[in-house]
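Hello,

Here is the structure I promised to pass on to you. Have a look at it first, and then read on for my notes.

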Amino acid sequence: MTAQDFTPDEMMAIAASRALSNTDVCFVGIGPPSAACNIARLTHAPDITLIYESGTIGTAPDVLPLSIGDGELCDTALTTVSVTEMFRYWLQGGKITVGFLGAAQIDRFANINTTVVGDYDNPKVRLPGGGGAPEISSSSQETYITMKQSKRGFVEKLDFYTSFGHGEGGDHRTRMGITTKGPTLLITDLAIWKPDPVTKELTVVSLHPGTTKERVQQTVSWAVRFSDDLQETPAPTEEELSVLRALKARTAAAHAGNRVETA
Amino acid sequence: MAEFLSLKDAVTKYLKSGDTAAFEGFTHLIPHAAAHEVIRQGIDELTVIRMTPDLIYDQLIGMGLVRKLIFSYAGNPGVGLLRRVRDSIENGWPRSIEIEEHSHAALANAYEAGAAGLPCAVFRGYMGTELQRVNPNIKKINCPFTGEELAAVPSIRPDVAFIHALKADRKGNVLIEGIVGVQKEAVLAATHSIVTVEEVVDELDTHINACILPHWTVSAICEVRGGAHPSYAQGYYGRDNKTYIDWDPIAADRERFQAWMEEHVLKQGPEVFADRIKGLEVTP
């Protein structure tokens, strides 16, 4: 059964969750990727292996972590390894099938900026930085990206290249000596995008219910390419929506404060 | 050889103005009490290293004690940006700091190389990123056997490493459990190390492959109950997420930040941390 009322954010999280499979070994970024990965685990992919860069392997949190290293992740993990081991053996070693990332800025070839807005040495806004993303982007077998669309986020030219997507397009990844696929999917609050097989330019392949091409273009700084075979994303099912809302409610309650007041 | 000291005496003994210090902890076991002691003692001109600088680096930088920051992700995870770090980088308040920016993979490898006594770390990374344009400490090196181009960064060898751990026995052997981060590597890479612990016990009572720092790898052990708060200690108390969320508006305003530091850090001692975890304790 299909749900009638849902928000664009809910559609984004649910569409992103559908991209994951039961056999994936997924390196999970904090924020929207974490929500999507856990909805997948709680719906169609109960055996998915979720890995967070804090070293937790095979984790199954009951609430979404506020940080990448919340105790909930360790408590529910199959095992927890050091951060050194995580990056060396598990990520660099090629064990990750999907790296799931968010971003502050993205360009048409799915390169990502999470470092600065403005000039590096004299930034307008100093963002947190790359964290694990530069190597998640090159060492995961492929990467998915999820973020909301806005002109500020979907830019003609990045202020800084934190994580390499498809570079200038075409075979740029291969020319850089990178053997992994890179970004193969972008899920936003309005649409699903995939890189063109040849040019690698992000192309809208599916519009979420109620969204128009015009609305997509209004939130992107470059001239958007739409697939000749443009689809409509199936609306969330009642089950997907209820799982997502229950997860969000548990998370909000947990983050509001876990302190037990004592007399 | 581990010496049991008060936190105040340990910081006075081992950390000097101008030193390079790593306060490690990956969300879990962040050495808040130790950083606050450094702030109280006003030890300045520090080069501070951390994969994930969060509130304590916001505080050290906001108090003007830092000359240079080496890092890979500077944020208040799930909440936002670090306001004091931003104010320093964007506006030079209270002073400008030098930054050396890496990725997590690079710093994790650099800590391991430091622990292994190597001058540099070699790994597959920084491919196509712009970080090597702005950080001269990121170099390329070719594998002598296959010719593959790899990344190289200097190893991390801090003067002093600060970590918080769960417990130490009376000899000073230290146990870390849960998310262990890069703390073992940081201690083994450092010249001196100061370890705050939740408690000192007769027996560590653990399993045979546990993450243990033998007493002869640690300089000083300081018992500070709650010393990671608002971070957490596995099996002792949970992460105080509300305090992380509440930090954002405090750090957003220079005067409010200074008043908060005066009241909650400068006028306090390590003993206040035991009170701060009341109600957050994990029941076994």
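How many salt bridges are there over all chains? The count comes to 29, where a salt bridge is a side-chain nitrogen of Lys or Arg within 4 Å of a carboxyl oxygen of Asp or Glu.

Before the details, a word on conventions. This is a predicted model, in which local features need pLDDT of at least 70 and side-chain atom pairs count only at pLDDT 80 or more, while totals for chains, interfaces and linings use all residues. Residues are numbered from 1 along each chain as its sequence is written, chains are lettered from A and ligands numbered from 1 in the order in which they are written, and side-chain values use heavy atoms, with hydrogens and water left out.

**Salt bridges**

In chain A, A:Arg108 pairs with A:Glu156, with 2.9 Å between the closest N and O atoms. This pair links distant parts of the chain, 48 residues apart: A:Arg108 is in the loop between β6 (105-106) and β7 (112-113), and A:Glu156 is in the loop between β10 (142-146) and α6 (172-175). Helices here are DSSP runs of H or I with at least four residues, strands are runs of E with at least two, and both are numbered from the N terminus. A:Glu156 is partly exposed, at 48% relative accessibility; buried means under 20% relative accessible area, exposed over 50%, and partly exposed in between (1.4 Å probe, protein chains only).

B:Asp19 sits in the loop between α1 (7-14) and β2 (20-23) of chain B. Not counting residues up to four places away in sequence, B:Asp19 touches B:Tyr14, B:Glu45, B:Leu46, B:Thr47, B:Asp159 and B:Val160, contact being heavy atoms within 4.5 Å.

**Backbone points in chain B**

Most residues other than glycine have a negative phi, and most peptide bonds are trans. B:Glu45, one of the residues touching B:Asp19, has a positive phi of about 55° although it is not a glycine. B:Glu45 belongs to the loop between α2 (32-41) and β3 (46-50) and is partly exposed at 32% relative accessibility. B:Asp205 also has a positive phi, of about 50°; B:Asp205 is exposed, at 70%, in the loop between β13 (192-201) and β14 (211-213).

Two peptide bonds are worth a look as well. The bond from B:Trp93 to B:Pro94 is cis, with omega near -5°, and B:Pro94 is in the loop between α4 (83-91) and β7 (98-101). The bond from B:His229 to B:Pro230 is cis too, with omega near 5°, and B:Pro230 is in the loop between β15 (220-223) and α8 (241-251).

Helix α3 of chain B (residues 55-62) has eight of its eight residues buried, so it is largely enclosed by the rest of the structure. After α3(B) comes B:Gly64, with a positive phi near 80°.

**Chain A**

Chain A has eight helices and 14 strands. Of its 263 residues, 59% count as buried. The C-alpha trace spans about 60 × 45 × 40 Å along its principal axes. In the loop between β3 (56-57) and α3 (71-75) lies A:Pro65, which is buried at 9% relative accessibility.

Best wishes
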